[in-house]
Amino acid sequence: MNNICGFILSIIFYSTVLNTYYLKAQTLSLHVTPHQEFCRWQSLKDTSNNSFMNYPLDIYTCNDASLLFYDTKIKNIHIKILPTLLAYQYNSFKPSSYNDGAFIAAKGSQYFLTTGMFFQYKWLSAQLMPELIYAPNENFFEMPADHPAQQLQYWIDYPERYGHTSYRRLLLGETFLKISLKSFRFGISNQNMWWGPAKKNALVMSNNAQGFLHFFVKTENPILTKMGTFETQFIIGLLENSTVPPSTNTHNTFKRNPIRYYRLFEEKVNMFSFTPSLVSTEKIRDDRYISGINFVWNPKWIKGLFLGISSTQVLYTKNLNTFFDYVPFFNTIRKEENYKEDLYQTHSININTVSFRWVFTEVMGEIYAEYGNYGKWRSLENIFKNPSLDRGFTLGVTKLFSLKKNHFLQLLFEMTELQQNSIEGVYSRNSWYTSNTVRHGYTNNGKLLGAGIGPGSNTKYIQLSWLKNINSFSVHFELLNYNNDIRYFIYRYPSTQFDTWKYWTELHYGCSANVYLKYTNTFFHFTFKYTYIYDYRWLSFLEPQIEHWQLQWTEQKNLIFPQDAYNYFFQIKIIQPFYK
């Protein structure tokens, strides 16, 4: 591992010496959905040195991004007035979205507003772009407090609902202060980041949660060397705890299936016969420290191929004792014979991934994949012996079809699997993003930093889009299996044959559109999604006649017990640049 880090550091040093050109400092926020999508699909037909694996992007990566900013100059200070972004989203039954930044898990309406200004003077640049979020935070059918799945809350700060009152926050948002030094930038930022090639579920870093305050050293454009181009980003920062306690909702008014399940202390107990006091134990309020590195290499000998490696580490600040606790890439290789001991003695969360994105401009397509290990680095020998232990992956393919001039169809398929593939992994409670020692998990303000589908979940996503410049219309379908790890964990001892079929599965049918109004220079993004939920929260007490999706329909009036349920999701973003 130290050899790999030495290679990366030597490339960074070599690139700094070789390159002396001056970089522009403005980046494209991940909130600007139309432009992010436009930049990515444009790279499939036009040769680009940018990997799209190290966000945020420089605004000049995308040609039409200049329409977003109003430029002016006062003496030697360059000023950009940033666009105003107003977003609204609505869930009819339960929270049902991810990769939405500062939005919280809430039923009903939510409102989001951001705008700001960018300043640059020689090598110093700054951006002030705060975010305002408001949600009435309506009541919905939460997991009963005595349901065994509430044990998940013992290992992660992942609230179903953010308290029982309305939610208001003023955040730093996409604010930063940067210094440009040849090919690199360093400074302090609160921007969202996205690492890796995935479009829906990045394993290490995404915009699923709100941004967090961090120090960084990065490249915003690929650095050209004799071995190809390189991109990198190194961060250290602090994560925020949500302070929301586990649910106290009991819902004792409906019939329950008296199955037996596995509790924390290796004992069989009736599913609803006790109150899990251990789960309700308050977590410590110590801050969590995060460090991470993302590195991407485009070998000059292979056109369109980008290779990436990412590593992050999270631990409580009270456990920062040695130099190796401050950086993510000098961890010792874990020993498989001490697997269980490491889970309860290691005071950090470690995620390590390797990835690639291969673009074929001749056929206007790409394939990409990210493979990760949840835990400290494993030796190659042990990976080959047991490749499925603590692993997660995302695999995707995109293909463009030309219809006529400037009109295209795009087909996207992406699948992500975070479920443990071994009984040992399930019983040791080592699901992705959870931790036996860092009990707030891999989260910021109660939302996951990585893949938004959540611990132990699997998803398959397919999308068909019509594209014309920045305008687009898409239809999509997603099959989501929610947290199979906790499902196998709590139903370890089924009392009847019918307990073995219990799966919380969601089918998502949706459409979205990006629209640009030339006369007002306004960008619109619309999303609508209908979700059908089978065996919601594993609460069904009915026996299946043939298959579990043929259970009787249950109405959702007054929070009636829903073994099956449905949700309507709607989101609109209005991006209005300032112009004369």
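Analyst: Two strands pair if DSSP finds at least two bridges between them, and the strands themselves (E, at least two residues), like helices (H or I, at least four residues), are DSSP runs numbered from the N terminus. The model is a predicted one, in which local features need pLDDT of at least 70 and side-chain atom pairs count only at pLDDT 80 or more, while totals for chains, interfaces and linings use all residues. Residues are numbered from 1 along each chain as its sequence is written, and side-chain values use heavy atoms, with hydrogens and water left out.

User: What makes strand 9 and strand 12 a pair?

Analyst: DSSP must find at least two bridges, and four join strand 9 (residues 124–128) to strand 12, so the two count as paired, and they run antiparallel. Within this pairing, Gln127 has Phe176 of strand 12 as its bridge partner. Strand 12 is also joined to strand 13 by six bridges, again in an antiparallel arrangement, with Ile179 facing Phe186 of strand 13 as a bridge partner. Of the two faces of strand 12, the covered one carries Phe176, Lys178 and Ser180, and the uncovered one carries Leu177, Ile179 and Leu181.

User: Why is Lys182 called partly exposed?

Analyst: A residue is buried under 20% relative accessible area, exposed over 50%, and partly exposed in between (1.4 Å probe, protein chains only); Lys182 is at 42%, and therefore falls in the middle class. Lys182 sits in the loop between strand 12 (176–181) and strand 13 (184–189), a hairpin with two residues between the strands, where Lys182 takes a positive phi near 55°.

User: Is Asn521 buried or exposed, and how do you know that?

Analyst: Asn521 has a relative accessible area of 12%, and because this is under 20%, Asn521 is buried. Its place is in the loop between strand 30 (505–517) and strand 31 (522–534), and, although Asn521 is not a glycine, its phi is positive, at about 60°.

User: What is the pair of Trp41 and Phe408 called, and what values describe it?

Analyst: A pair of aromatic rings is described by the distance of the centres and the angle of the planes. Rings of Phe, Tyr and Trp (its six-membered ring) pair if their centres lie within 6.5 Å, and planes under 30 degrees apart count as stacked, over 60 as edge-to-face and the rest as tilted. By this rule the count comes to 28 aromatic pairs. Trp41 and Phe408 lie 5.5 Å apart, centre to centre, with 55° between the planes, and the pair is therefore tilted. Trp41 belongs to helix 2 (residues 33–42) and Phe408 to strand 25 (residues 407–417), so the pair ties together parts that are 367 residues apart in sequence. Both Trp41 and Phe408 are buried.

The pair of Tyr70 and Phe578 has a centre-to-centre distance of 5.3 Å and 75° between the planes, and so counts as edge-to-face. Phe578, with a relative accessible area of 45%, is partly exposed.

User: How do you know that the charged end of Arg439 sits over the ring of Tyr154?

Analyst: The rule asks that NZ of Lys or CZ of Arg be within 6 Å of the ring centre and within 35 degrees of the ring normal. The charged end of Arg439 is 4.1 Å from the centre of the Tyr154 ring and counts as sitting over it. Arg40 is likewise placed over the ring of Tyr368, 5.6 Å from its centre.

User: What makes the link between Ser474 and Ser465 a polar contact?

Analyst: A polar contact is a pair of N or O atoms within 3.5 Å, where within protein one must be able to donate a hydrogen and the other to accept it, and residues adjacent in sequence count only if both atoms are side-chain atoms. The side chains of Ser474 and Ser465 are joined at 2.6 Å, and the link therefore counts. Ser474 lies in strand 29 (residues 471–481), and at 6% relative accessible area Ser474 is buried.
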